[in-house]
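Hi there,

Here is the structure I promised to pass on. Have a look at it first, and then read my notes below.

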Amino acid sequence: MNKTIRRASVFALLLVFALLVRATWVQFYEGQALADDKDNRRNAIETYSAPLGNIIMGGRSVTGSAPTTTGDLKYKRTYRDGELYAAVTGYASQAYAPTQLEGIYTDLLNGTDSRLKSVMDTITNQRADPGNVVTTIDPDVQKAAFDALGDKKGGAVAIDPKTGKILAVVSSPSYDPSSLTDANTAGAAWKKLTADPEKPLVNRALRQPLPPGSTFKLVVAAAALEDALYSSVDDPTDSPDPYTLPGTTRELTNENPNAPCTNATIRTALEYSCNNVFAKMAVQLGQDKVRAMAEKFGFNDDKLDVPVRAYTSVYPSDMYPSQTALTGIGQFDVTATPLQMAMVSAAIANGGKLVSPHMVSQITNSGGDVLQDYDDEAGSKEIVSSSTAEQLQSAMQTVVDQGTGTNAQVPGATVGGKTGTAQHGENNSQVPYAWFTSYGKSDASGKEVAVAVVVEQSNAARSEVSGNGLAAPVAKAMMEAALKD
């Protein structure tokens, strides 16, 4: 054979071999990555080729699917009472990645979860009928929180202390997920929502930690009782008023200059929200002990899934004593979500034990067979002793009966709570955040609920911003809805 022809033939064979190797590599090693690529149009076509499974609240589906009239995507997601439930469902969009429960359970809801497949589905590689997500949300509690927040910017969470079931997750202002479902109109809606200065896409109940203010005093009080710094909520404390922050000349005063805060008991200090008492208490305990108690309640947990990943609530470290003092009143670099402060009240209400909070009860296949039961899997851990919990319950009841939280009183129920007004901005130049966290127990049925509410902004004058004035009425509405027979 001619030498030139032989060389050309060998080169051609090498090219063919290289092509076969590359094709094999793509098919067997890169195939799945290409199939999963977000820019692969076939994924969207497959996902929306049939109706999706549903998200269920109180026995009723709040999601659906509707046929489209144009394009290659046959169906789009629909929502019933979209704004009411947006903080729970999130959205499933033809144009954008899904969020919240829609995102977490994408495979279940579109039928690609392997647990949904029958033997025949596996053999034929057919897409299974989609499954459903059954939530713990109580529609009455959800609506009570949504209506009570109204046009106020903020968030609210309600938890059943005995079971850990999350009964309400509300963020205000909200948005209608339906505006984002259709690829033809989602772009304009997305641009409008992301440009809105009120940030309606932010989940203020789970994913926006803010300074918790005086609601954090419950954590400091729990640490003091557990550490035996004080044996009872009725023991006098050694607390001068005003209290000079350690290493400084700055005097820490109280909102009410006439409140009996000098050497006040923990009960009185919670009732009147005495800053001097809890600032000094935090210094006496030391930042490590306060942090340890905060972390038992859930602070500094960067993997808090309910199953939506909640943003971390923070108790800081490496502080000066003066900064530790400010953390005792929920300031400096302390931050918390409404979920976190509801967890604090839930643990206190439940005798010191915190049941893992969760907002999905079960996931099922299309026929209703349970694939996973999260209620059965909810664990619990002891945060404080039953004695400490009972004492804090009693002190929180005093707050609502005759202290700073009277607006949370619910007829026919025993209610305990704690107000908070957190400074905002340099030198407290911005409107403060109004907080309230509480628990309620029905005197007739024994039903229980723990709630937390934060109001970031309202139409109230700055002088009228308080936990009792703005947040407590929202908590009351939620507790009434949860405790009704």
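Please keep in mind that this is a predicted model. I will start with a strand pair: β1 (residues 55-57) runs antiparallel to β2, and 2 bridges join them. Within this pair, Met57 lies opposite Arg60 of β2.

Both strands belong to an open sheet of 5 strands with mixed pairing, in the order β2-β1-β5-β11-β12. The edges are taken by β2 (60-61) and β12 (370-373); each has a single partner strand, so one side of each has no neighbour in the sheet.

The largest nonpolar core counts 93 residues, and Phe278 and Leu339 have the most contacts inside it. Helix α14 (residues 338-349) supplies the largest share of this core, with 9 residues. What does Leu339 touch, leaving aside neighbours within four places in sequence? Its contacts are Val157, Ile159, Ile166, Ala205, Leu206, Leu304, Val306, Ala310 and Pro357. There is also a second, separate core of 31 residues, with Leu149, Ala158, Ala168 and Ala481 among them.

One more residue to look up is Ala148, which sits in helix α7 (residues 139-149). The C-alpha atoms of Ala148 and Ala471 are 9.2 Å apart, although 323 residues separate the two along the chain.

Best wishes

Methods:
Residues are numbered from 1 along each chain as its sequence is written. This is a predicted model: local features need pLDDT of at least 70, side-chain atom pairs count only at pLDDT 80 or more; totals for chains, interfaces and linings use all residues. Side-chain values use heavy atoms; hydrogens and water are left out. Two strands pair if DSSP finds at least two bridges between them. Helices (H or I, at least four residues) and strands (E, at least two) are DSSP runs, numbered from the N terminus. A nonpolar core is a set of buried Ala, Val, Leu, Ile, Met, Phe, Trp, Tyr and Cys residues joined through side-chain atoms within 4.5 Å. Buried means under 20% relative accessible area, exposed over 50%, partly exposed in between (1.4 Å probe, protein chains only). Contact means heavy atoms within 4.5 Å.
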